[in-house]
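Please look over the sequence and the model shown below. The notes that follow go through the two chains, the contact between them and some single residues.

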Amino acid sequence: MDHGPAAKLGKDNASEWKAKLGVKLFFVYWAVYSGFIIINTVNPKLMGTRIILGQNLAVTYGMGLIILAIVMGLIYNKLCTRKEDELNKPESAAKGGE
Amino acid sequence: MHYQASPLAIILFVAFVGFVLGLSFFYARKAKSVDGYFAAGGSIHWYVNGIAFAGDYLSAASFLGICGMIAFAGYDGFLYSIGYLAGWVVALFVVAEPMKRLGKYTFTDALDAKFNSKGIQFMAAMSTLVVSLCYLIPQMVGAGVLVTPLLGLDHAWGVIMVGVIVTVIVATAGMTSTTYVQFLKGGMLIIFSTILCISIFYKGLSLIPHEGYHKFETIKVSAVGANSVKLANSSYKFLDKQNGFVKLQKDNIASWWCLSKKDGKDVLEECPSKTITADKKVLYNGAPKKDKRFYQVGHMSKIIVDGKEVAKTGPLGPFKFLKVIDDSEIVRFKENKFAYNGDKVTVWSPNITSGKSIMRPGLKFKVDNGANWWSRLDFISLMLALFFGTSALPHILIRYYTVPSQRDARKSTIVAIIAIGFFYILTLFMGLGAMVSGVLDLNSSNMSAVLLAKQFGILLFSIISAVAFSTVLGTVSGLIVAASGAVAHDLMDNFLGVDFTDKGKVRAGKIAAIVTGVIAIVLGIIFKGVNVAFLVGWAFAVAASANLPAILMLLFWKKTTAKGIALSIYVGMFSALTIIMLSPKMWKQFDFAGTAPLPIDNPGIISIPLAFITLIIVSLLTQKDNAKLEENAA
């Protein structure tokens with residue numbers, strides 16, 4: 001068997017916390033994405049409604065989904081990095097009984 | 001239309017290819033170890049990896065396909081951009097770090113990390129090969145599509161050229177050279193697409209898109225009969241009337257005209273046409289291609305700025321650009337096909353479309369007028385496959401093994417989301433810009449973005465053409481690395497248990513890359529003419545159905561067993577491919593008789609749940625396997 005990462009990885013005490021946060025954020029985004037699909041499918045004419053800066057709902061929602069992915073990604077990274085720094089300090093690793 | 005090779009485009013492309021080949025030979029010494037060849041030694045910086053992700057992901061389908069689709073069908077093309085980008089959220093939040101933690105060279109490693117199962121090794125490798133081939137074919141076809149008009153080479157030579165270059169890149173330095181090719185290509189694509197968009201905004205919108213734009217004629221009609229029309233203008237001679245179209249002749253050239261009404265009176269409007277004669281001659285607007293009578297099209301019939309009708313706008317900001325299009329009217333060309341005395345005729349009739357219809361869904365996807373529940377289900381199915389397919393594409397997943405840590409895997413995914421998201425926003429402007437700039441080739445939507453660039457000077461056109469070529473090179477090299485890993489690492493080393501030395505495994509990887517390259521060249525030639533975006537859709541649907549349920553359940557359901565994973569991959573892949581084979585699109589593509597057995601084109605809505613159900617049932621039935629695994633571990 002030849003599995004396991006190509007680069008040596010240290011123990012990550014934050015991985016469980018990050019996985020839970022990731023799943024929560026995934027469901028938030030999935031809900032917003034589902035709303036987009038539902039409106040497009042059930043009432044596509046609603047997508048023509050003017051919303052902001054002269055743009056209709058289709059453009060606002062579509063570009064919003066792209067920008068939301070970027071913003072949520074940056075927030076996720078910030079929170080994960082903070083948690084990693086907090087839980088993976090040398091002393092906390094020692095306490096964790098690695 | 002008649003294309004002419006641009007010497008500058010050829011020079012830039014040759015320079016780019018020369019540079020990346022030089023880079024490949026330079027990095028070849030780094031690729032002598034297995035880690036170096038398959039995973040670039042796990043030493044790539046997260047920022048470089050993030051842009052390389054963009055270079056890997058933004059394939060010919062994204063740059064050429066989506067821009068072309070928006071140029072021909074408006075907002076519906078942009079739905080692909082949204083779905084392709086949204087898929088990265090799954091990659092970031094759910095897949096990135098576990099993939100990095102569990103795997104070594106291929107995504108099969110990650111799936112099999114806990115089990116050491118022959119079933120998983122075989123099925124995941126097969127799925128990697130099927131998805132990679134489904135993705136490779138359109139890239140190679142795209143290479144041929146680009147090479148023919150821009151370098152003046154035959155389709156087959158274009159495919160061979162790209163295939164050979166990419167195989168050399170991969171076979172010399174594996175993942176390291178592939179990473180830098182993708183990094184350069186991703187960076188160039190985003191920079192020059194931004195420049196193209198700025199040029200579009202600066203130029204603004206105009207009723208006459210450019211000086212050389214063809215002025216479509218209208219002829220008054222004095223009487224319309226069942227099989228004839230009487231013309232008010234005598235310079236044309238009436239020949240025939242069929243399917244609502246009228247065939248006229250002038251200067252010994254026959255052309256097709258559309259019968260319509262203007263101010264309540266019957267008129268004939270000049271229509272672009274293509275005729276394939278019974279003796280296989282191809283005529284454009286009644287003449288051979290070299291006569292250059294097949295005009296580029298796409299213009300606005302009414303421009304409204306702040307409630308006032310104008311002939312041109314001058315420079316516009318991005319939001320104002322979209323608003324003016326929404327308020328105005330655009331002439332699109334509807335394709336009509338019919339047989340005429342043994343000839344196959346295609347006539348494109350001008351169709352004034354409101355900006356409001358263009359800027360919302362419904363022109364391509366049947367979700368509005370003429371929609372039924374099947375067509376709506378088909379649309380949902382497509383959006384599901386795009387969302388869940390990205391994070392299950394093997395050539396994307398292997399990029400997680402090229403960075404040093406899980407943190408780097410996460411950061412590189414965020415860089416990828418920013419770069420790819422920004423590019424996808426640009427596709428809306430490039431597509432709409434092409435739609436109204438009089439540059440469209442009605443015969444090939446794929447060329448829209450490249451032809452748009454030509455309007456802003458030969459330099460930008462040449463650079464964009466070179467970028468389009470590099471787009472194919474970057475993605476194909478990633479796919480060949482993925483396929484080579486599946487053969488050498490998953491199948492030969494793990495599944496068959498071939499006793500490789502480090503050097504032997506790299507050699508096997510290189511041979512697998514060369515064989516994959518040859519297969520890709522052959523398939524690229526065989527599938528000439530098949531729609532590029534159509535085939536990429538297969539890859540996403542198969543990846544989402546075969547791979548994602550296995551990845552998600554492995555990560556989040558402790559009862560998942562090896563047999564459950566192996567069978568769910570099989571069921572997901574088999575059901576997705578079967579539905580595609582029996583779909584209406586397939587029936588139309590290959591001119592099969594009768595109606596297709598299944599009413600939908602996109603399999604995701606059936607095949608993804610089927611794979612999940614299979615995994616759950618089989619896992620519940622094989623819980624003893626997991627108990628044994630735990631006993632052995634203890």
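The expected span of a helix is 1.5 Å times one less than its number of residues. Helices (H or I, at least four residues) and strands (E, at least two) are DSSP runs, numbered from the N terminus. This is a predicted model, in which local features need pLDDT of at least 70 and side-chain atom pairs count only at pLDDT 80 or more, while totals for chains, interfaces and linings use all residues. Residues are numbered from 1 along each chain as its sequence is written, and chains are lettered from A and ligands numbered from 1 in the order in which they are written.

- Helix α13(B) has 30 residues and reaches 43 Å from its first C-alpha to its last, close to the expected 44 Å.
- A residue is buried if 20 or more other C-beta atoms lie within 10 Å of its own, exposed if 12 or fewer, and partly exposed in between, with C-beta atoms placed from the backbone.
- In α13(B), 29 of the 30 residues are buried, so this helix is largely enclosed by the rest of the structure.
- Helix α21 (residues 604–621) of chain B has 18 residues and spans 25 Å from first to last C-alpha, close to the expected 26 Å.
- The buried residues of α21(B) include G604(B), I605(B), L610(B) and L615(B).

**How α5(B) and α13(B) pack**

- Axes are lines fitted to C-alpha atoms, for helices over the stretch in contact, and angles run from 0 to 180 degrees between N-to-C directions.
- Helix α5 (residues 75–102) of chain B packs with α13 (residues 406–435) of chain B at an angle of about 175 degrees, and their axes are 9 Å apart.
- The two helices, α5(B) and α13(B), are therefore roughly antiparallel to each other (angles under 35 degrees count as roughly parallel, over 145 as roughly antiparallel, 65 to 115 as roughly perpendicular and the rest as oblique).
- The residues of the contact of α5(B) with α13(B) divide into 14 nonpolar, 7 polar and 4 charged.
- Here Ala, Val, Leu, Ile, Met, Phe, Trp, Tyr, Cys and Pro count as nonpolar, Asp, Glu, Lys and Arg as charged, and the others, Gly among them, as polar.

**Chain B as a whole**

- Chain B has 22 helices and 12 strands.
- Its C-alpha atoms fill a box of roughly 95 × 55 × 50 Å, taken along the principal axes.
- For 634 residues, a compact globule would have a radius of gyration near 26 Å, and the 26 Å of chain B agrees with this.
- The radius of gyration is taken over C-alpha atoms, and the globule rule is 2.2 Å times the number of residues to the power 0.38.
- Of the 634 residues in chain B, 58% are buried.
- Two residues are in contact if their C-beta atoms, placed from the backbone, lie within 7 Å.
- Among contacts in chain B with a separation of 6 or more, 75% are between residues 24 or more positions apart.

**Chain A and its side facing chain B**

- Chain A has 3 helices and 2 strands, and from the N terminus on its elements run α-β-β-α-α.
- Of the 98 residues of chain A, 28% are buried.
- In chain A, 43 residues are in contact with 55 residues of chain B.
- On the side of chain A that touches chain B, α1 (15–42), β2 (55–56) and α2 (57–87) of chain A each supply at least two residues.
- The largest share of that side, 15 residues, comes from α2(A).
- The residues of the side of chain A that touches chain B divide into 24 nonpolar, 14 polar and 5 charged.

- F333(B) lies in strand β11 (residues 329–340) of chain B and is partly exposed, with 17 other C-beta atoms within 10 Å.
- Leaving aside neighbours within four places in sequence, the contacts of F333(B) include V297(B), W348(B) and L442(B).
- F333(B) and V297(B) are 36 residues apart in sequence, and their C-alpha atoms are 8.3 Å apart in space.
- G119(B) is in helix α7 (residues 118–151) of chain B, and its C-alpha atom is separated by 8.5 Å from that of I565(B), 446 residues apart along the chain.
- N116(B), in the loop between α6 (107–112) and α7 of chain B, has a positive phi of about 50 degrees although it is not a glycine.
- N285(B) also has a positive phi, near 50 degrees, and is buried, with 20 other C-beta atoms within 10 Å.
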